[in-house]
Amino acid sequence: MTKIESLLKDERIFYPPQEGKDLAYIKSRYQYDKIYDYSLKDPDGFWTERAKELITWFRYWDRTCYWDFNKAEIRFFEGGKLNASYNCLDRHLLNPHVKNKAAIIWQGEHDRDLRVYTYQMLHDEVCRFANILKSLGVKKGDRVVIYMPTMPEVIAAMLACARIGAIHVVVYGGLSAEALKSRILDAGAKILITADGTYSGGRRINLLNNAETAIAQCECIEKYIVINRFGEEITLSDKRGLLFDELIKNKEFEKYCPCEEMDAEDILFILYTSGSTGKPKGIYHTTGGYLVYAAHTTQWVFDLRPEDIIWRPGAVGWITFHTYVVYSPLALGATVFIYDGLPDYPNPGRWWELVDRFKVTILYLTPTNIRAFMKEREDWPAKYDLSTLRILGTVGEPINPEVWIWYHKNVGKGRIPVVDTWWQTETGGHLISPLPYTIPQKPGSVTLPLPGIEPVIFRDDGTSADINESGHLCIKGAWPGIARGLWGDSEKFKEIYFSRFPGYYFTGDQARVDEDGYFWIMGRLDDVISVSGYLIRTSELESVFVAHSAVAEAAVVGMPHEIKGEVIYAYIVLKDGFQPSEELKKNLIQHITKEIGPLVIPEVIQFVNDLPKTRSGKIMRRILRKVAAGVYDDLGDKSTLANPDVVEKIIQGRKEIF
Ligand code: WT7
């Protein structure tokens, strides 16, 4: 093992708490092992049991699992009939304990914007929405784009589509008109649902302008529906526009809307990926397998019970929102909390205040979220009562051990489990993650595969990597939640995911397995820098930077170098109270030398105020690599950036160095 690896192989081990264990769905390592073995020996039996236990079917299936990765063909529960909206709503109305409880609690940026929907209310709202869509001619298989801020209507619209068999395509409201247009056209959508705008940090954000600019160039859009968020009069600039408030005056729409019987393999939704690596791809998931897998992972990984309130802050146009905010908590009859606002407005304690006020029990953040709290708001969690929390989750990128420990200690008060969940838009739900009460945790490791999942690590040549040797993370065999294709491009689906190592699903991530069988995700293949032939994983080096007391965030990329091939270029965000200086640069270099050795000393350190990130919190290394190389134009698609302004500042900063 290299020194950097041993440094990252943090020796601190955290044992699962005794408290809560008795009630947990999966209580021990022994139980996990037994289920895991069974799931691989008899996938048909395993998935049949899970599918029957978790989901209500109108008709059972003829065949449980089928896949042929060489043809990129995957089918689960073939011949089975169900409806996702029925599973999230109607079936709960038959249960007196669920019918009148909160399904959604929504808080807007202003405290006065607070709405609660019971299951019954949400059901009625979804029927009304579905009737409206039907009246506009939407039929099974049609695509409906939803371009909105985080509001209950997003969920109602998604479930309304699912109810009538339409395919929803949720596009995050922060994306530009151009990005929206390309997604509408690629999906060939008939209807767009949008809102006038929302508030962000006290400012008004207009969405309608973007929506109307986009559809001006989209002939496929027949109608667009505008939801009123501001409570003011709305002027529509296009004759295809309809106001939601006008539509709902029609009492006819309040009638019950029956659920379409969907085949398990009918498409439920298309989702365009965050695009940190180039052109967005329209990944689609189908109804049966996706829903089973969503409910299954939520029940075991978050140990979700009906009395829980789960909160995953963040964009609606993300798979996390689909799986762990909408479909699985509602399918399992729990309560979801959704919030439309920034973490630090009106003050840096906002999110903790919400956990406190709404008694959130399961909180699911990204390492980027947590680092932002560490940067300037370290003492804020302590001001609130976070004692209702019982499970913490993290997702999206490798978590630095320091960050994991901070989260565990300051938010979890050292008493509750942290689940580091590894998965992808394409996987539909978690694949590798601790089940919270079963195993000791090593900060930074995503630990063990979930039942039914068999990950393998390959070297470039397709042979298996040794223990602690990093390589390509692939998955042997399919699971119900795996994507079924790329919208309009089945060849590309095969090429991207199933051709690199025939017979295996190719994740594109680098990972290693340690001597205890624990998985460590290193990041994407392109997150590797080669200095004089020595491979350095950016996430590892970044973790070492973040362990320095002055550093809040770090992004490391390769800069082309005539002799060494590449050298290390580090972008550093300092914690509040630290000023950039030559002195500090020297200090950081000493730190790196001490922790890892002279080989990985960065050639350039640039202090920045912020890093360019996608809406899902991923650092856009593609842009940072170009800027490091001195390429300032041709930076590629910036439409998915959450903070496009920082790019210009970073370019200025680089020019000052060279
Ligand atoms: C990529 C997928 C999964 C929903 C959110 C992102 C990285 C995800 C982890 C984790 C290390 C992680 C991987 C993966 N990633 N979770 N717990 N530890 N890396 O969805 O945009 O499809 O991105 O995110 O690189 O391939 P996505």
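**Close-up views of a predicted model**

**View 1. Gly-349 sits in a loop and is buried.** Gly-349 counts as buried because its relative accessibility is 0% (buried means under 20% relative accessible area, exposed over 50% and partly exposed in between, with a 1.4 Å probe and protein chains only). This is a predicted model, in which local features need pLDDT of at least 70 and side-chain atom pairs count only at pLDDT 80 or more, while totals for chains, interfaces and linings use all residues. Residues are numbered from 1 along each chain as its sequence is written, and side-chain values use heavy atoms, with hydrogens and water left out. The loop holding Gly-349 runs between strand 17 (335-340) and helix 13 (350-358) (helices are DSSP runs of H or I with at least four residues, strands are E runs with at least two, both numbered from the N terminus). Beyond its neighbours within four places in sequence, Gly-349 is in contact with Trp-380 and Tyr-384 (contact means heavy atoms within 4.5 Å).

View 2. A polar side-chain atom of Gln-424 is 2.8 Å from a ligand oxygen atom. For Asp-509, a side-chain N or O atom lies 2.9 Å from an oxygen atom of the ligand. Lys-618 places a polar side-chain atom 3.2 Å from an oxygen atom of the ligand.

**View 3. Helix 4 spans residues 84-93 and is mostly covered.** Ten of its ten residues are buried; among them are Tyr-86, Cys-88, Asp-90 and Arg-91. At the start of helix 4, a side-chain oxygen of Asn-83 comes within 2.7 Å of the backbone nitrogen of Ser-85. As a friendly reminder, an α-helix has 3.6 residues a turn, so residues three or four places apart point the same way.

Key: A polar contact is a pair of N or O atoms within 3.5 Å; within protein, one must be able to donate a hydrogen and the other to accept it, and residues adjacent in sequence count only if both atoms are side-chain atoms.
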